Amino acid sequence: MTLSGTLTWVLPIDDSSQVGHARRSAQALAQEHGFNETDAGRVALVATELTSNLLKHAARGELHLRALPRFNGFGIELLAVDRGQGFDLPACLTDGFSTGGTQGIGLGAVSRLADVFDVHADARGAVVLARLYRRDDKARDLAFGVSQHSLHNDPACGDVWHLSLKGGDLSVLVIDGLGHGPDAELAGRAGESAFAQAPFAAPTLLMDDLHHAMGGTRGGAVAIAQYQAADGHLRFTGIGNIGASLINAERARGLASHPGIVGVQYRKAQSFDFTPVNGHLLILYSDGLQSRWNLSDYPGLVHRHPAVIAAVLHRDYCRGRDDVTVIALKLETQHD
Ligand SMILES: [Mn+2]
């Protein structure tokens, strides 16, 4: 089982005229991924309500759309992201709470339409997550989230991620191809192809494979993390500046990488072991994200769905001068 990345689709929402566009965009994305009319209609209704609710409490923000990679079924992820204050969750959850000019079904109804619904709201703004899966699939939600954006919305993205699952074990890769644009993407994709051939090989050996595969490209920063569910064991190897943190409610640890550029030059790859870390959150991010964030600045956020966490960090710490990727993953048994 393999998941790999596409860019987050961002729709700016600052006027009620954009609600219809958001609804049609979400519905079209669902239909492209095989949702039938009823299921795509649910997606459309959720998009309408999330964007209307956002306009009402924050006046402006963004709707982030993503087709969830195949995981026993297709899904659509919608994230309403804003910097507004005073988000009133109990009021928003009340059925019939009018969001102005819409059906006013309230987020309570959205939470029942969606297979996954979660919210984080504080003084810095709100992020509301809804995931909907096709009803005819036996999809299970993966406790995983990604926010990925290229600089200036370039269709080429130098950041690449790839996640493999095997019997509850996970192996995840993040590459930041040097710079940005098509040549950076070429470097990233070369490394991803090598990784995809043996994602559960020893990470230091994998790093050598990636080094060879990325030779002749401009190279990049690479991090590989492998989780063994049976003993709650995480192994991490990094070259270059992919950020990595292992977090639970008590503490946060940074996972260290060695200097170098994979595909060009580095002295050695070394793996570090962490155990037991079941139940921890693993966050990997490219240097398009500032590293000075601290999840404990956001009360309760560590317990939210990883997709909410990735969206909050992107909203508040994106540098805006490079491609950016934030992956958040709950380390728990996630059967393939
Ligand atoms: Mn970068």
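**Valine 312 and its neighbours**

Task: Find which residues valine 312 touches, not counting residues up to four places away in sequence, and state whether valine 312 is buried or exposed.

Solution: Start by placing the residue: valine 312 sits in helix α7, where helices (H or I, at least four residues) and strands (E, at least two) are DSSP runs numbered from the N terminus. Next, list its contacts (heavy atoms within 4.5 Å): His120, Val127, Tyr298 and Leu301. Then check accessibility: the relative accessible area is 0%, so valine 312 is buried. The classes here are buried under 20%, exposed over 50% and partly exposed in between, with a 1.4 Å probe and protein chains only. To finish, compare sequence and space: valine 312 and glycine 125 are 187 residues apart along the chain, yet their C-alpha atoms are 8.8 Å apart.

A word on the model before you go on: it is predicted, so local features need pLDDT of at least 70 and side-chain atom pairs count only at pLDDT 80 or more, while totals for chains, interfaces and linings use all residues. Residues are numbered from 1 along each chain as its sequence is written, and side-chain values use heavy atoms, with hydrogens and water left out.

**Helix α2 and its two partners**

Task: Describe how α2 packs against α1 and against α4, giving angle, handedness and contact residues.

Solution: Take α1 (residues 17-32) and α2 (residues 37-58), whose axes come within 8 Å and cross at roughly 150°. Axes are lines fitted to C-alpha atoms, for helices over the stretch in contact, and angles run from 0 to 180 degrees between N-to-C directions. The two helices are therefore roughly antiparallel; the cut-offs are under 35 degrees for roughly parallel, over 145 for roughly antiparallel, 65 to 115 for roughly perpendicular, and oblique for the rest. The crossing of α1 and α2 is right-handed, meaning that the near helix is turned clockwise from the far one by less than a right angle, with anticlockwise being left-handed. On the α1 side, the contact includes Val19, Ala22 and Arg23, and these and others meet α2 residues including Ala40, Val43 and Leu55. By class, that contact of α1 with α2 holds nine nonpolar, five polar and one charged residues. Here Ala, Val, Leu, Ile, Met, Phe, Trp, Tyr, Cys and Pro count as nonpolar, Asp, Glu, Lys and Arg as charged, and the others, Gly among them, as polar.

Now turn to α4 (residues 106-113): its axis is 10 Å from that of α2, at an angle of about 150°. That makes α2 and α4 roughly antiparallel. Their crossing is left-handed. Arg42, Leu45, Val46, Glu49, Leu50 and Asn53 of α2 make the contact with Gly106, Leu107, Val110 and Leu113 of α4. Sorted by class, the residues of this contact are six nonpolar, two polar and two charged.

**Backbone exceptions**

Task: Which residues have a positive phi although they are not glycine, and where is a cis peptide bond?

Solution: Keep the background in mind: most residues other than glycine have a negative phi, and most peptide bonds are trans. Alanine 59 has a phi of about 75°; its place is the loop between α2 and β3 (61-68), and at 40% alanine 59 is partly exposed. Histidine 152 has a phi of about 55°; it belongs to the loop between β7 (144-149) and β8 (159-166), and at 70% histidine 152 is exposed. Finally, the cis bond joins threonine 275 and proline 276, with omega about -10°, and proline 276 lies in the loop between β16 (271-274) and β17.
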